[in-house]
Amino acid sequence: MSTLEQDIRQAAALLADAKDVTLLGHVRPDADALGSALALARVLQQRGATVRVSFGAPDEVPETLQGLDVGGLLVRPAELPETEPLLVALDTPTLGRLGQLGARVAKVKAAGGEVLVVDHHSSNTFFGTHHVVDETAEATAVLVLRLIDALGAALDEPIARCLYAGLVTDTSGFRRATPSTHDMASRLLEAGVDPDRVVRQIVDDHPFAWLPMLATVLAGARLEPEAAQGFGLAHAVVRADVAATVRAEEVESVIDIVRSTRDAGVAVVLKDAGSGRLWQVSLRSAGKIDVSMAARALGGGGHRMAAGCTVEGSSDEALDLLRKALDEAPLI
Ligand code: MN
């Protein structure tokens, strides 16, 4: 039996006995973090456990993802109990990515509780007492389905929909897929998922204000053919006044457009996170440069093809730091 299979078995044994579980994902949850947490929470609830799902501040779950919480399992950090016998952290490589909820991990351990970490980031720091970590998994949702299978639990439509949301987004719409990705998708559709409806709700559902926002941001996009070790760098900046015209979902969509340009081996979008002096940065690779290492050099992390970090300074200073980190990043 592989180490991963052993880890899954041990984690399933832990979950099978659990009576009271808090499930967390990374701050600013995406569909994989939220879908993974809600799917596993629903399975545990159906087995009789008391469950709750929460995220650190800013704890607003994007509007487009709220439909995944069919059972009303989401609670604000302030509503969490003092501690819990079992804490599960999903899609979260480091304590820091739990935001203020990271402090619960030490608290649970000190009280003799268990902390299960389920994740697919190569940067995972193994901060729990039990770990199901596989960087070759396309999404954390893939690992959650393996846990559900190990528990012998059935997939209902809400569980399958949560897992599908994580799978379809973390593979960029099945662009990064293996035969097993499609096997999993097939099971989720069998369980009742309507793929068009899910993707429409979580990806293709923008207000009209999205278009003028894109027009402004993309008008300022630049291509630097020599940057990123000669593979080309395309970048765009979303300033606070422009971001204020739309939701976070629309701002997050910009990188998917910039990364589609043929001339760019790397795409970068800077999003104002503090009066033009602090930038949340999204990085995407077209397959030549490992952007997770560039992000990591700047205090962030992620995957080889998709990563993020936070950079201080003016947008020009932030871009300089990014150019340097990309020039020093390893090739894939
Ligand atoms: Mn993920």
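Author: We shall discuss the metal site, the strands, a helix pair and the nonpolar cores. Please keep in mind that this is a predicted model.

Reader: Which residues coordinate the manganese ion?

Author: As a general idea, ideal angles at a metal are 109.5 degrees for four tetrahedral donors, and 90 or 180 degrees for six octahedral ones. In this structure, Asp32 (OD), Asp91 (OD), His120 (NE2) and Asp170 (OD) coordinate the manganese ion at 2.2 to 2.4 Å. The spacing of these donor residues along the sequence is D-x58-D-x28-H-x49-D. His120 belongs to the loop between β4 (114-119) and β5 (130-133), and Asp170 to helix α5 (residues 157-170), so this pair ties together parts that are 50 residues apart in sequence.

Reader: Are His120 and Asp170 buried or exposed?

Author: Both His120 and Asp170 are buried. The loop between β4 and β5 also holds Ser123, which is buried with a relative accessible area of 13%. Setting aside residues up to four places away in sequence, Ser123 touches Pro93, Thr94, Arg296 and Gly302.

Reader: Which way do the side chains of β7 point?

Author: In a regular strand the side chains alternate between the two faces of the sheet. In β7, Leu233, His235 and Val237 point one way, while Ala234, Ala236 and Val238 point the other way. Six of the six residues of β7 (residues 233-238) are buried, so the strand is largely enclosed by the rest of the structure.

Reader: How does β7 pair with strand β6 and with strand β8?

Author: Strands of a sheet pair through backbone hydrogen bonds, either parallel or antiparallel. Strand β6 (residues 222-224) runs antiparallel to β7, joined by three bridges, and Glu224 stands opposite Leu233. With strand β8 (residues 266-272), β7 pairs in the parallel sense over six bridges; here Leu233 stands opposite Val266.

Reader: What is the order of the open sheet of six strands?

Author: The order is β6-β7-β8-β9-β11-β10, with mixed pairing. The edge strands are β6 and β10 (301-302), each of which pairs on one side only. Between β8 and strand β9 (residues 278-285) there are seven bridges in the antiparallel sense, and the bridge partner of Asp272 in β9 is Trp279. Helix α12 (residues 315-328) lies across β6, β7, β8, β9 and β11 (306-312), at about 150° to β8.

Reader: At what angle do helix α1 and helix α4 cross?

Author: Two packed helices are described by the angle between their axes and the distance between the axes. The axes of helix α1 (residues 3-17) and helix α4 (residues 140-151) cross at roughly 65° and come within 9 Å. Their crossing is right-handed. Among the contact residues are Leu4, Ile8 and Leu15 of α1, and Leu147 and Leu151 of α4.

Reader: Which residues touch the most other members of the largest nonpolar core?

Author: That core has 60 residues, and Leu23, Val88 and Leu163 touch the most other members. Helix α2 (residues 31-46) gives the most to this core, with ten residues. Apart from this core lies another, of 23 residues, including Leu233 and Ala295.

Reader: Where does Val88 stand in the strand pairing?

Author: Val88 stands opposite Leu116 in β4. Strand β3 (residues 86-90) and β4 pair in the parallel sense over five bridges. Five of the six residues of β4 are buried, so β4 is largely enclosed by the rest of the structure.

Terms used. Residues are numbered from 1 along each chain as its sequence is written. This is a predicted model: local features need pLDDT of at least 70, side-chain atom pairs count only at pLDDT 80 or more; totals for chains, interfaces and linings use all residues. Side-chain values use heavy atoms; hydrogens and water are left out. A nonpolar core is a set of buried Ala, Val, Leu, Ile, Met, Phe, Trp, Tyr and Cys residues joined through side-chain atoms within 4.5 Å. Buried means under 20% relative accessible area, exposed over 50%, partly exposed in between (1.4 Å probe, protein chains only). Helices (H or I, at least four residues) and strands (E, at least two) are DSSP runs, numbered from the N terminus. Donors are N, O and S atoms within 2.8 Å of the metal (3.2 Å for Na, K and Ca); water is not among the atoms, so sites may look incomplete. Two strands pair if DSSP finds at least two bridges between them. Axes are lines fitted to C-alpha atoms, for helices over the stretch in contact, and angles run from 0 to 180 degrees between N-to-C directions. A crossing is left-handed if the near helix is turned anticlockwise from the far one by less than a right angle, and right-handed if clockwise. Contact means heavy atoms within 4.5 Å.
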